[in-house]
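This report describes one protein model in plain terms. Look at the sequence and the structure together while reading.

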Amino acid sequence: MNAPARLTQGTERALAALWVDPAGLKGLALRARMGPARQAFETALSNLPGNTHRLHPGLSDEQLFGGLNIAASLAEGRPVREPGLVDRPGLFVLTMAERCGAPLAAKLSQILDNDGDRALILLDEGASPEELAPATLMDRLAFHIEPEESARPVRLPASADLDDARARLKDVEAPEEALSVLAALAVRFGIDSLRAPLLALRAARALAALDYERKVSEAHIREAVELIYPPRATLIPQDPAEPEPPQPENRNEPPADEHEGKGSGGEIPDEILVEAILARLPADILDRAAARQRHAAAATGTGAGDRRKSQRRGRPLPSRPGHPSMTARVDPVATLRAAAPWQSLRRRPDNAERPVIIYPSDIRIRRYEERADRLLIFAVDASGSAALARLAEAKGAVELLLAQAYARRDQVALLAFRGSEADLMLPPTRSLVQAKKRLSALPGGGGTPLSAGLACASDQAALARSKGSAPMLVLLTDGKANIMRDGQADRTGALDEACKIAERLAASGLPAIVVDTSRRPSPQAQRLADALRGRYAPLPRADAQKISRVVGQAVTV
């Protein structure tokens, strides 16, 4: 059986187990672009028994929880409530889950926690590693699946078999030691969520019910951890050192059982489970863990740049109480919805002819959300005998990032420092043609005025902020500064001066990454990265592909 078929088989089992125990497993997240695998999954989803309700990231509170029907309330003279999606039984399917904001994620999490029969399917487009579905939802959903594009159609058991398995679930028993084994496995793979072992145990019981078993077997536990643990893992466990066997004090005592102590639960060999999880771990587990950390640390932004509230343009947000002005626009529907429940109390003889009585406290203001452009400032050390190689790498990296600028709304600027000063070689742009023309004339050689380069980058970052952009510094250097800002040659003083400027940049909140281009990791470059509070990436003999990949991973989400 080839790899795509195994992944598809896992999708089939996960979907079937979710239908058997929706209250315990909560849901499934599928990360895949539109293609054969995504189409096969959605076809199988449509064949599941019961109703499905599709959600979108811009869902309003009224659509989700229900609200006042303005037209019916005005016609009948009493408040008439319109039911929301939570009032309808069935499976929730959230499309474009990577665009789901924190408010909607919190509400859906509350629904999953309080509604025992509700389950959620997240459909993540997976267009960019920078865009991830909300962690609060991913933690609650049992299965995280990334199918191969060449996966075969998903085949599920018949509806009658699924119903029978759901009826058998209450009689399925699990070994007493199963939960302790699953908890120990979670610790070994760096899974800090308490939900993971519980979800794995529920999944093992559902899989046993699908197999017409009354007791969870080792095979069911192994299949459950293969489905649930690999996407959540943040580290690869190391083999523990074997302790020396203690000398028995009394030689007349019988020797201990050779199997005693193996595994966390006695009967279930956890080392076999570890091997099963290791076989399913993604190749880029460490990169994914780092991406999740960056996403959690910057939950207010996406790959399109920082989010900013606006009252004129952008994505619509729920309206809020406020006062109309030259910049604040009134939301008529939300205003009428706020005023409708109080009409009978506000009605008096002097205002009986007025169809609707609106108080200032009823006024609701429209809100929108804009995305700030992001500016990647490349500061390249163009000094020394290796300048030509570094400049060639920087040129290639800039061209690769510019090719992705339209999709991510990024701009790129390039400055080079050499001799005694820094020059802005490429102003902020998305034009690949203009970039190639400017890059072709980039000179090299001379001293290393690192302070001048950082000062120039600081000016560009301040200018970008004044225009509403979100700047980020990418510094390519070996850190061996030898020219101060006043033109004097002093290695120690030049590095100290550069670190002071770097500390000011870090205090201003400028994210940065230092790409060490020396042949061996340089302590000067490491010190500079610490002063910038940025990421240090030692890349000896780095090419354009490697530099662009590291920068893409380090970009704040």
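## Terms and source

Two residues are in contact when heavy atoms lie within 4.5 Å. Helices (H or I, at least four residues) and strands (E, at least two) are DSSP runs, numbered from the N terminus. A residue is buried under 20% relative accessible area, exposed over 50%, and partly exposed in between, with a 1.4 Å probe and protein chains only.

This is a predicted model, in which local features need pLDDT of at least 70, side-chain atom pairs count only at pLDDT 80 or more, and totals for chains, interfaces and linings use all residues. Residues are numbered from 1 along each chain as its sequence is written, and side-chain values use heavy atoms, with hydrogens and water left out.

## The whole protein

The protein has 22 helices and 17 strands. Of its 557 residues, 48% count as buried. Among contacts between residues at least 6 apart in sequence, 77% join residues at least 24 apart.

## Helix H19

Helix H19 covers residues 450–466, 17 residues in total. From first C-alpha to last it reaches 25 Å, close to the 24 Å expected at 1.5 Å a residue (the expected span is 1.5 Å times one less than the number of residues).

The buried residues of H19 include Leu450, Leu454, Ala457, Ala461 and Ala464. An α-helix has 3.6 residues a turn, so residues three or four places apart point the same way. The buried residues of H19 pack against strands E12 (374–381), E13 (410–418), E14 (421–429) and E15 (470–477), and against helices H20 (491–507) and H21 (523–532). After H19 comes Gly468, with a positive phi near 90°.

Strand E16 (residues 512–516) is mostly covered, with five of its five residues buried. Ala512, Val514 and Asp516 point one way, while Ile513 and Val515 point the other way. In a regular strand the side chains alternate between the two faces of the sheet.

Two strands pair if DSSP finds at least two bridges between them. E15 and E16 pair in the parallel sense over five bridges, and Leu475 stands opposite Val514 in E16. The chain crosses from E15 through H20 to E16 in a right-handed β-α-β crossover. Right-handed means that, with the strands pointing away from the viewer, the path from the first strand over the helix to the second runs clockwise.

On E17 (residues 535–538), four bridges join the strand to E16 in parallel. Val515 stands opposite Ala537 in E17. E16, H21 and E17 also make a right-handed β-α-β unit.
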